[in-house]
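This report describes one protein model for a reader new to it. The sequence and structure come first, and the description follows.

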Amino acid sequence: MTEKQADERTYDEQCIEVLDVLLAHENSWPFRKPVDREKVRDYYDVIKYPMDLETVQKKINMSWTKENPEIDITAQDEENKDVNQEGKPDMTLYRCMDDFRGDIKQIFDNARTYNSKETIFYKYAQQLEALVKPMLNRLRDTQPSCLPT
């Protein structure tokens, strides 16, 4: 891909590229889905702003749907109207790359907050964050509401 082609990628395409790299990595399995409340009972007592790759993917898809009004989003809006409560993933749609970057960072921050340095979860968070950090730094806003004036 040339630099010009990279600059022409949409907001969603850039986010999906980062997400695909993370999902394809063999060590991303602990971060792919929300932490199970039944298996890790105190997780949501410690982590007040949970985030996972599945939720990030849903938010990208919902953002794309909002930008394409021919697709009915009523059911999605109804399903997610109450999710910004403590202990539930923030389902606010991405408006800017900083929103997306923040959620990716939150995944890794949560892993490091809840787990000790000796655990695979902490180590995988470190490894995956280092892998995508250069990609996150190159993300470019193409959303009109986020572009500098």
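## Overall make-up

Of the 149 residues of the protein chain, 39% are buried, meaning under 20% relative accessible area with a 1.4 Å probe, protein chains only. The model is predicted: local features need pLDDT of at least 70, side-chain atom pairs count only at pLDDT 80 or more, and totals for chains, interfaces and linings use all residues. Residues are numbered from 1 along each chain as its sequence is written, and side-chain values use heavy atoms, with hydrogens and water left out.

The chain has seven helices and zero strands, taken as DSSP runs (H or I, at least four residues, for helices; E, at least two, for strands) numbered from the N terminus.

## The nonpolar core

The largest nonpolar core holds 24 residues, and Val56, Phe100 and Ile104 have the most contacts inside it. Such a core is a set of buried Ala, Val, Leu, Ile, Met, Phe, Trp, Tyr and Cys residues joined through side-chain atoms within 4.5 Å. Two or more residues come from each of H2 (11–24), H4 (53–66), H6 (97–114) and H7 (120–138).

Beyond its neighbours within four places in sequence, Val56 is in contact (heavy atoms within 4.5 Å) with residues including Leu19, Tyr94, Phe100 and Ile104.

## Helices H6 and H7

The axes of H6 and H7, lines fitted to C-alpha atoms over the stretch in contact, with angles from 0 to 180 degrees between N-to-C directions, come within 8 Å and cross at roughly 160 degrees. The two helices are therefore roughly antiparallel, a term for angles over 145 degrees. Among the residues making the contact are Phe100 and Ile104 of H6 and Phe121 and Leu128 of H7.

Key
Buried < 20%, exposed > 50% of the residue type's maximum accessible area, 1.4 Å probe, protein only. Parallel < 35°, antiparallel > 145°, perpendicular 65-115°, else oblique.
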